[in-house]
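Try each task before you read its solution.

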Amino acid sequence: MDAHEAHHEFEIPYTVHPRPDTGLYNGKLGIWLFLASEVMLFGALFSSYILLRTSAPTWPRGWEFLNVPLATANTFILISSSVTVVLGWANLRLGNLKWGRIFIACTILLATLFLINKGFEYHHEFVEGRLPSTNNFMALYFTLTGLHGLHVLGGIIVFLYMLFPGAKMWGKDRARYTNRIEIAGLYWHFVDLVWIFLFPALYLM
Amino acid sequence: MTEQLVEPTAPSDGMPLPESHAEDAHVHGGVHDPNLHHSPEEIKREIRVYLWVFAGLAMLTALTVYACYGLRTPVHVAIGIALAIACMKGFLVAGFFMHLLSEKRLIYSILGLTVVFFAILMWGPWNHWADMIGR
């Protein structure tokens with residue numbers, strides 16, 4: 001067995017090309033299975049939210065004390081970051097690594113800005129004495145936004161890896177690197193999707 | 001597991017590939033990979049769609065905030081408006097950014113199963129609410 005054959009034997013299969021039986025490359029199937037489990041995680045929390053809200057004799061409306069303008073800005077920031085991810089992916093598919101990386105860097109910056117804003121919001125709530133132990137609404141607010149914030153942080157770490165050490169893959173296997181960005185992007189759009197429902201549920205209704 | 005390679009049937013038309021993958025980019029194991037099939041013109045068209053979707057998402061966000069926060073609508077109206085607009089935004093993100101409008105059947109099957117279990121999760125509070133109304 002020569003060196004090339006040995007390399008081929010240990011190569012992870014279906015990282016670029018779809019499997020004949022699933023029609024998908026393995027990473028894509030994997031991320032969708034992961035996202036399905038994430039739907040159940042957030043779904044359980046939304047279910048708790050509805051149960052607690054419908055059981056309560058009174059329920060506060062978020063906009064009476066939460067910072068709606070800042071949360072609205074965060075919504076714009078997150079949907080902008082979803083666009084920068086797809087633009088990055090599209091540029092990689094066009095063979096343009098430079099612009100692909102610029103858009104990934106924009107995504108990281110926007111995600112960081114989202115977390116900074118969230119930090120300001122949390123600080124304000126703590127200063128005002130509104131803690132998770134204050135009432136059911138605040139407990140849900142901190143649990144839901146905290147878990148979502150952790151997902152944003154996870155996304156930042158993944159994109160930082162893709163932007164710096166992970167980008168070396170471009171030189172060896174462009175299609176595989178492009179697929180990795182697609183997978184990370186799918187995760188990121190899901191994080192955006194969760195916020196799309198969290199924002200009105202906590203701040204506007 | 002080893003990959004079953006099939007000779008390509010179409011000329012290279014899109015994403016640049018490393019030499020090792022350039023020849024078998026389009027048809028692999030008898031399965032076409034849509035990501036490897038788009039021409040630069042098609043990808044540029046996709047980019048325009050993404051920008052329109054972004055504009056739609058921004059407009060819908062502004063509309064939700066104006067309707068629920070700006071107008072201080074009653075709670076039941078706010079819930080209706082906010083949920084309807086959130087569903088529209090969710091459709092835009094899932095359909096266009098996550099490409100669910102043109103995905104493989106297996107992914108639809110996974111999501112179908114997820115919807116069933118999600119519905120079970122929502123059945124609990126719904127049942128509770130229905131009990132409260134009846135009481």
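**Exercise 1.** Is Tyr14(A) buried or exposed?

*Solution.* Before counting, some housekeeping: this is a predicted model, where local features need pLDDT of at least 70, side-chain atom pairs count only at pLDDT 80 or more, and totals for chains, interfaces and linings use all residues. Residues are numbered from 1 along each chain as its sequence is written, while chains are lettered from A and ligands numbered from 1 in the order in which they are written.

Step one is the rule: a residue is buried if 20 or more other C-beta atoms lie within 10 Å of its own, exposed if 12 or fewer, and partly exposed in between, with C-beta atoms placed from the backbone. Step two is the count: Tyr14(A) has 20 other C-beta atoms within 10 Å, so it is buried. Step three is the location: Tyr14(A) sits in the loop between α1 (3-9) and α2 of chain A. (Helices, H or I, of at least four residues, and strands, E, of at least two, are DSSP runs numbered from the N terminus.) Check the backbone too: Tyr14(A) isn't a glycine, yet its phi is positive, about 55°.

**Exercise 2.** Describe chain A in outline: its elements, its box and its buried share.

*Solution.* Start with the elements: chain A has seven helices and zero strands, which reads along the sequence as α-α-α-α-α-α-α. Next, the box: taken along the principal axes, the C-alpha atoms fill roughly 75 × 35 × 25 Å. Then burial: 37% of the 205 residues in chain A are buried.

Finish with contacts, meaning pairs whose C-beta atoms, placed from the backbone, lie within 7 Å. Of the contacts in chain A with a separation of 6 or more, 75% join residues 24 or more positions apart.

**Exercise 3.** At what angle do α2(B) and α3(B) pack?

*Solution.* Axes are lines fitted to C-alpha atoms, for helices over the stretch in contact, and angles run from 0 to 180 degrees between N-to-C directions. On that basis the angle is about 170°, with the axes 10 Å apart. Angles over 145 degrees count as roughly antiparallel, so that's the label for α2(B) and α3(B).

Who meets whom? On the α2(B) side, residues including Leu57(B), Leu60(B) and Cys68(B) meet a set in α3(B) that includes Ala82(B), Ile85(B) and Phe96(B). By class, this contact has 16 nonpolar residues, two polar and one charged. (Ala, Val, Leu, Ile, Met, Phe, Trp, Tyr, Cys and Pro count as nonpolar, Asp, Glu, Lys and Arg as charged, and the others, Gly among them, as polar.)

The loop between these helices holds Thr73(B). With 18 C-beta neighbours inside 10 Å, Thr73(B) counts as partly exposed.

**Exercise 4.** Which residues of the largest nonpolar core touch the most other members?

*Solution.* A nonpolar core is a set of buried Ala, Val, Leu, Ile, Met, Phe, Trp, Tyr and Cys residues joined through C-beta atoms within 7 Å. The largest has 62 residues, and Cys68(B) and Ala82(B) touch the most other members. Both chains contribute, with α7 (174-204) of chain A and α2 (40-70) of chain B among the elements giving two or more residues. The largest share, 17 residues, comes from α7(A).

Zoom in on Cys68(B): beyond four places in sequence, its contacts include Pro200(A) and Leu204(A) as well as Thr73(B) and Ala82(B).

**Exercise 5.** How many residues of chain B are in contact with chain A?

*Solution.* 55 residues of chain B are in contact with 52 residues of chain A. The chain B side divides into 36 nonpolar, 14 polar and five charged residues.

Notes. Two residues are in contact if their C-beta atoms, placed from the backbone, lie within 7 Å. Angles under 35 degrees count as roughly parallel, over 145 as roughly antiparallel, 65 to 115 as roughly perpendicular and the rest as oblique.
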